[in-house]
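Please open the structure in a viewer and keep the sequence panel at hand. The stops below are given in the order in which they may be selected.

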Amino acid sequence: MGPLRSVVLAGGGTGGHVYPLLAFADCLRRHDPGVRITCLGTPRGMENDLIPPQGYDLRQIPAYQLPRSINMNLVRTPGRMWTAARAAGKVIDEVQADAVVGFGGYVSVPAYLAAWRREMPIVIHEVNVPPGVANRLGMKFTKHVAVGFPHQPQQAESLRDARVVGVPLRRSIAGLDRAALRNAARAHFGLRPDLPVLFVAGGSSGARSINLAVAGAAKELARNGVQVLHVMGARNEPVPIPTDLPVPYVTLPYLSEMELGYAAADLMLARGGAMTVAEVAAIGLPTIFVPYPHSNQEQKRNALPVVEAGGGLLVDDTEMTPAWLERTVIPLVRDPHRLAAMGAAAAAYGRRDGDVALLNYVLEAVA
């Protein structure tokens, strides 16, 4: 890889920042096993559970939530930010980094500041519209901004000149052959090989409205031969599922091997987080998106291009009822031709090479 001997990767807080960071770290290592990879995180973020088990060096620095309005916190912010940037700079100097690549989350800001003070190349990767507050600040220090989806530069003025590279995905997902893994994945969960499967997952914290609606439709789905694989979300109250159903209904609090869920599924029901949208599109899995009813509607904006391409359906959170599911899922999941067409449309929109495209952009920035 030539000019890249040591890279600092910054991103934390949620899976939406940490998963693309990890996928990119894997890509760096694949292309040059000798490159030094150092990840920055905060003591409280999800990165502490996800990064060290993958064998990467995680350094913790103090990071402070950025106030979104002008108040006493904003007055205190420069001092705190200075402390955090100094800590990030220490790590950058120690590992003799050639570049900082940031994926958002509060930990990215001190990394961007420290790199800017050292006049080092900074590359920002952003998956949302509007961009997160940390990356918006980072954009003041670099012109090297990469985005995950083609709609982003059209919808956000600040991303107008960004490079569309796709979203770095884990190899287990980017390289997934759903058909080849289907029977093994179904056996893994105790699902039957001969009946259709609805895979339900509302993101890392789940989604209560989705969980309640699917539980309410469980009897009717089962009566029509539809199996359900339901990831409730570890932070959600478990929802009772009727017993003595004629076909399997499997519940899990959390699933770390999402590729097995994707392979087992004929149809997915999910929120519209950027990572979920990137993954289901890349692997061509037809999906019903129920965007989180946020004020800024970012999940709806994530999902809409896949739906417009023919790869999924979009339903409002308020309409997510057992009756809607029974009316929609049962005919759809039992129509292999329609599912195949939706899957092909999703795959045509999605991309599996986001990690390599981002690496090429970083090499360009460093050169």
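Predicted model: local features only at pLDDT ≥ 70, side-chain atom pairs only at ≥ 80, totals over all residues.

Glu 119 is placed in the loop between α4 and β5. Select Glu 119 and inspect its backbone: phi is positive, at about 55°, although the residue is not a glycine. For context, most residues other than glycine have a negative phi. Is Glu 119 buried or exposed? Glu 119 is exposed, with a relative accessible area of 73%.

Next, select residues 108–117, which form helix α4. This helix is mostly covered, eight of its ten residues being buried. Those buried residues are Ser 108, Val 109, Pro 110, Ala 111, Tyr 112, Leu 113, Ala 114 and Ala 115. Glu 119, with its positive phi, comes just after α4.

**The loop between β5 and α5**

Move on to Pro 130, which is found in the loop between β5 (122–126) and α5 (133–138). Display the peptide bond that leads from Val 129 to Pro 130: this bond is cis, with omega near -5°. In general, most peptide bonds are trans.

Asn 128 belongs to the loop between β5 and α5 as well. Its relative accessibility is 16%, and Asn 128 therefore counts as buried, the cut-off being under 20%. For one of them, Glu 298, the separation from Asn 128 is 170 residues in sequence, yet 6.6 Å in space from C-alpha to C-alpha.

**Gln 297**

From Glu 298, step back to Gln 297, which is placed in the loop between β12 (287–289) and α12 (298–308). Gln 297 is not a glycine, but its phi is positive, at about 60°. This residue is partly exposed, with a relative accessible area of 33%.

Select residues 178–189, helix α8, and colour its buried residues: Arg 178, Ala 185, Arg 186 and Phe 189. Because they cover an arc of only 100° around the axis, they lie on the same side of α8. Ala 180, Asn 183 and Ala 187 are exposed on the other side of α8.

What covers the buried residues of α8? The covering elements include the strands β8 (197–201), β9 (227–231) and β10 (249–252), together with the helices α10 (258–264) and α11 (274–283).

Asp 177 caps the N-terminal end, where one of its side-chain oxygens lies 3.3 Å from the backbone nitrogen of Ala 179. Just after α8, Gly 190 takes a positive phi of about 75°.

Now centre the view on Arg 186, which lies in α8. Arg 186 is buried, with a relative accessible area of 3%. Not counting residues up to four places away in sequence, Arg 186 touches Leu 191, Arg 192, Pro 193, Leu 195, Pro 196, Val 197, Ala 264, Ala 265 and Asp 266.

**Ser 6 in strand β1**

Turn to Ser 6, placed in strand β1 (residues 6–10). Ser 6 is buried, with a relative accessible area of 4%. Its side chain reaches the backbone oxygen of Val 95 at 2.7 Å. Beyond its neighbours within four places in sequence, Ser 6 is in contact with Val 35, Arg 36, Val 95, Gln 96, Ala 97, Asp 98 and Ala 99.

**The packing of α1 with α15**

For the last stop, select helix α1 (residues 15–31) and helix α15 (residues 354–366) together; they pack at an angle of about 70°, with their axes 9 Å apart. That angle makes α1 roughly perpendicular to α15. On the α1 side, show Ala 23, Phe 24, Cys 27, Leu 28, Arg 30 and His 31; on the α15 side, the contact is made by Asp 355, Val 356, Leu 358, Leu 359 and Val 362. How do the residues of the contact of α1 with α15 divide? Eight are nonpolar, one is polar and two are charged.

Methods:
Residues numbered from 1 in each chain as written. Heavy atoms only, no water. Axes fitted to C-alpha atoms, helices over the stretch in contact; angles between N-to-C directions. Helix = DSSP H or I, 4+ residues; strand = E, 2+ residues; numbered from the N terminus. Parallel < 35°, antiparallel > 145°, perpendicular 65-115°, else oblique. Contact = heavy atoms within 4.5 Å. Nonpolar A, V, L, I, M, F, W, Y, C, P; charged D, E, K, R; others polar. Buried < 20%, exposed > 50% of the residue type's maximum accessible area, 1.4 Å probe, protein only. Arc of directions from axis to C-beta. Polar contact = N/O pair within 3.5 Å; in protein donor to acceptor, adjacent residues only side chain to side chain.
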